[in-house]
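Please keep the sequence and the model in view while reading.

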Amino acid sequence: MPDIPLTTLVLLCLAALAAGWIDAVVGGGGLLLLPALLLGLPGSTPAAHALGTNKAVAIVGTTGAAITYARKAPVDVRTAVRIGLAALAGSSGGAFLAAGMSTEVLKPVIMVVLLGVGTFVILRPAFGTAPASGPPSRRRKLAAIGLAGIGIGFYDGLIGPGTGTFLVLALTAVLHLDLVAASATAKIVNCCTNAGALAMFAWQGAVLWQLAAVMAVFNLAGGTLGARTALKRGSGFVRVVLLTVVFALVANMAYEQWLG
C-alpha cells in the first residue's frame, strides 16, 4: 500500500464509486478512474502500477454489474462470451503493436468518429430505445464478434479510452439491441478483456493490491447501483448518459492531444 493521505484515499474511493456507476450504465468509467489514480498516487509510482491497479478495481465493478444485468436483462450470455474471447485476442494484438505505433496519430481520427457517433445518436432519437424484434441472425452474431470483439478489442489494447462506450454502440447497431441489453452484453465482454489485461499486469507485478481491494469495494457498489439504475430507468436514460460520456470522451482526448 503506497503512502497516501487519508483525504486522497477517500477521494480515490469516491472516484471508484462514480466510475463503477458510469461504467455499468454505458461504459467509460475508466475516463474517471484512471486519471484519479494517476493524480492520487505518489509521483514516484510507475504509470504501469496505475494501469494495473485500475484494471484490478474495474474488473470487480464490471463483474458485479454483469451479474446484476444477467439476472434481470435479456442477455445472450453465450454470444457475449464469444465476443469477449474475440476481444481478448484483439486486445492482445493491439497491445503488441502499441509499443511501435504512435497513438497520437490515431486520436484525432477517434475524436472525429466519436463526434459523428454523437451526432448520429442525437439525430436518431429512436436509436437503441426499442428492443430487437427477434434473436439476431448468425451473420449478425459473426459481425458482432468481428467488430465488437476483434475490432474494438484491438482498439482497447492499442489506445483504450472509451472501449466500453464503443462496445455499447457497436452491439446496439450490429445486434439491434436496445441500449440496456447492449450495456449488459458489454459488461460481460469487458469482464473477459479486463481479466486478460489484469493477468498481464499481475504477472509484471504492476498491481497495488491493497489499494485496489479498498477501491474495489466502492467500484462494486457503483457498478451494481449503475446496473440497477439502467434497468429501472430504461434505454431513454441510458441514451442521455451515453451522449454525455461520448462528448466527455472527445473533450478528454482533445485535451490530451493539444493541451496535455
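Is Asn219 buried or exposed? Asn219 is buried, because its relative accessible area is 4%; here buried means under 20% relative accessible area, exposed means over 50%, and partly exposed lies in between, with a 1.4 Å probe and protein chains only. The model is a predicted one, in which local features need pLDDT of at least 70 and side-chain atom pairs count only at pLDDT 80 or more, while totals for chains, interfaces and linings use all residues. Residues are numbered from 1 along each chain as its sequence is written, and side-chain values use heavy atoms, with hydrogens and water left out.

Asn219 belongs to helix α9, where helices (H or I, at least four residues) are DSSP runs numbered from the N terminus. Leaving aside residues up to four places away in sequence, Asn219 touches Ala16, Leu17, Ala19, Gly20, Leu33, Val57, Ala58, Val60, Gly61 and Thr62; contact means heavy atoms within 4.5 Å. Helix α9 spans residues 209–233 and also holds Thr224. Thr224 counts as buried because its relative accessibility is 17%. With residues up to four places away in sequence not counted, Thr224 touches Gly64 and Thr68.

The next topic is helix packing. Two packed helices are described by the angle between their axes and the distance between the axes. Axes are lines fitted to C-alpha atoms, for helices over the stretch in contact, and angles run from 0 to 180 degrees between N-to-C directions. The axes of α1 and helix α2 (residues 30–40) come within 8 Å and cross at roughly 165 degrees. The two helices α1 and α2 are therefore roughly antiparallel to each other, a term for angles over 145 degrees, whereas angles under 35 count as roughly parallel, 65 to 115 as roughly perpendicular and the rest as oblique. The crossing of α1 past α2 is left-handed, which is the name used if the near helix is turned anticlockwise from the far one by less than a right angle, and right-handed is used if clockwise. On the α1 side the contact is made by Thr8, Leu12, Ala15, Ala16, Ala18, Ala19 and Ile22, and on the α2 side by Leu32, Leu33, Ala36, Leu37 and Gly40. This contact of α1 with α2 has 10 nonpolar, 2 polar and no charged residues; Ala, Val, Leu, Ile, Met, Phe, Trp, Tyr, Cys and Pro count as nonpolar, Asp, Glu, Lys and Arg as charged, and the others, Gly among them, as polar.

Leu32, in helix α2, is partly exposed, with a relative accessible area of 33%. Residues up to four places away in sequence aside, Leu32 touches Ala15, Ala18, Ala19 and Ile22. From C-alpha to C-alpha, Leu32 and Ala19 are 5.9 Å apart in space, and they are 13 residues apart in sequence.

Helix α1 (residues 6–26) also packs with helix α8 (residues 179–203), at an angle of about 115 degrees and with their axes 7 Å apart. Here Asp23, Ala24, Val25 and Val26 in α1 meet Ser183, Lys187 and Asn190 in α8. The residues of this contact are 3 nonpolar, 2 polar and 2 charged.

A further pair is formed by helix α6 (residues 138–158) and helix α7 (residues 163–175), whose axes come within 10 Å and cross at roughly 165 degrees. That angle makes α6 roughly antiparallel to α7. The crossing of α6 past α7 is right-handed, and the contact residues comprise 13 nonpolar, 1 polar and 3 charged. In the loop between α7 and α8 lies His176, whose phi is near 55 degrees, a positive value in a residue other than glycine. His176 is partly exposed, with a relative accessible area of 41%.

What remains is the nonpolar cores, each a set of buried Ala, Val, Leu, Ile, Met, Phe, Trp, Tyr and Cys residues joined through side-chain atoms within 4.5 Å. The largest has 48 residues, and those with the most contacts inside it are Val26, Tyr69, Leu114, Ala148, Leu171, Val238 and Leu242. Helix α10 (residues 235–259) gives the most to this core, with 10 residues. Leu242 touches Val26, Val121, Thr165, Leu169 and Leu179, not counting residues up to four places away in sequence. Another core, of 23 residues, lies apart from the largest one and includes Leu9, Leu37, Val57 and Val207.
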